Amino acid sequence: MGLREDLERYREVGEAKREDLADFIQYGDLGQSLPDEINIPIKIVDLPEFAYDQRDEGGLGQGDPDVGDPVGEPQPQPGDGDEEGDPGDESGDHDYYEMDPEEFAEELDDELGLDLEPKGKEVIEEKEGDFTDMTRTGPDSTLDFERMFKEGLKRKLAMDFDPDFLEEVLKIDGWGPDKTFSWARENAINVSKHWLEETYRKIPDDEKTTYDSIEEVEETVTRRSTAQKIKEEGVRHVPFRKEDERYRYPEIIEEREKNVVVVNIRDVSGSMREKKRELVERTFTPLDWYLTGKYDNAEFVYIAHDAEAWEVERDEFFGIRSGGGTKISSAYELAAAILDERYPWTDWNRYVFAAGDSENSRNDTSENVVPLMEEIPANLHAYVETQPDGKAINATHAEEVADHFGDSSEVAVSFVNSPEDVTDAIYEILSTEAES
């Protein structure tokens, strides 16, 4: 084995945890992990060693190695391990890679191609940013002189004219102030009629017929532009006005804490047997870890329901099984009350995740659940249907929700019939929120 093969094996070691991430979500022992510490099982990959070169040139080492033997390792002797040609029948060894929820979220983003950007809610600090905003008053040290100069310069360019040239125009035979004023307006020369009348009055009578036409004036008299005058005379005559003054002050930046509350709702009625409960846990737990890693502060509410709903602790949530019927709206009514009381929409991002086998009381979905979902503000509502053993005739809740909300970016519906569906369900839910 050469250096290139060794490098490939190093890459396998570095990528092992990501390759096993999907398997862990689907089949791994989630009980190995804690809310703030996630243990991902990874296949143990033997670390590579340097091997002898393909060229048989000998060396300083003792012994008589064969091509490909690792350096410094004793060579297998007859009788060590399995006999030649007999395949092993043991499963591959695993070890656990420990990561925190933030790292788990990054890995899941990479694995599924997600790009969820958490939203800041509660303002925890206000600080001054760059001096980018403007006000009409302020200390002299913050006066934006460059802006004031530009405003004055624009005014001068718009209002200024060449008085010497216009005085010559007034000397055209038969023109006088009226025709000169009309010509000036047509040529965007901003001169007042009063100035023309005063200037014309001072011209001697014998000079008021000096020219026969405007063309003769333009050929005879050099006309200076405003830019030429500023270049020759400097900027001391640029007109500044009080209304041109602007004072810079710092932009106020609000530092917002990214808070999230996740409401997990589970049907615990008699039809929710062990396989269905396991699929709920396998879907909800990675979602909880992911959002914990994405937000500064994450809190969780767990609601169990049959025909009635009640709040439970996490360690009870996935194991409860009741013998009652099913009324999903009872859970949404309790969720709405808890969110309004503890987690105002102005301060908290909200996710409401519900799961069950889609069995529900008659008309409860259309008459109660859908209106409640529309009334509860949230980043995302999601429903996960778990049906590992085939669907009952009256299991229509998921389809009704999907039909009502269609392609809404605020509601996701996914179907989990086996562990292989879990990763797709998680992607369906998180990508729906990311697109919004």
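Which residue in β10 does Val260 stand opposite? Select Val260 and β10: the residue opposite Val260 is Asn349. Strands here are DSSP runs of E with at least two residues, and helices are runs of H or I with at least four, numbered from the N terminus.

This is a predicted model, in which local features need pLDDT of at least 70 and side-chain atom pairs count only at pLDDT 80 or more, while totals for chains, interfaces and linings use all residues. Residues are numbered from 1 along each chain as its sequence is written, and side-chain values use heavy atoms, with hydrogens and water left out.

**The sheet**

Show the six strands of the open sheet, in the order β9-β8-β7-β10-β11-β12; the pairing is mixed. Two strands count as paired if DSSP finds at least two bridges between them. At the edges are β9 (309-312) and β12 (411-416), each of which pairs on one side only. From one strand to the next the twist averages 20 degrees.

**Strand β10**

Now select residues 349-356, which are β10. On one side β10 runs parallel to β7, joined by seven bridges. β10 also pairs with β11 (residues 380-386), again in the parallel sense, over six bridges. To see individual partners, pick Phe353, whose bridge partner in β11 is Ala382, then Val352, whose partner there is His381.

Colour β10 by accessibility: eight of its eight residues are buried, meaning under 20% relative accessible area with a 1.4 Å probe and protein chains only; exposed is over 50%, and partly exposed is in between. One side carries Asn349, Tyr351, Phe353 and Ala355, and the other Arg350, Val352, Ala354 and Gly356.

**Helix α13**

Next, select residues 364-375, helix α13. Together β10, α13 and β11 make a right-handed β-α-β unit: with the strands pointing away from the viewer, the path from the first strand over the helix to the second runs clockwise.

The buried residues of α13 are Asp364, Thr365, Val369, Val370, Leu372 and Met373. They lie on the same side of α13 because they cover an arc of only 160 degrees around the axis, taken from the directions from the helix axis to the C-beta atoms. Turn to the face away from this buried side to find the exposed Glu367 and Glu375. The cover over the buried residues includes α12, β11, α14 (397-405) and β12, where contact means heavy atoms within 4.5 Å.

**Helix α12**

Finally, select residues 329-342: α12 lies across β7, β8, β9, β10 and β11, and runs at about 150 degrees to β8. Axes are lines fitted to C-alpha atoms, for helices over the stretch in contact, and angles run from 0 to 180 degrees between N-to-C directions.

Key: Expected span 1.5 Å × (residues − 1).
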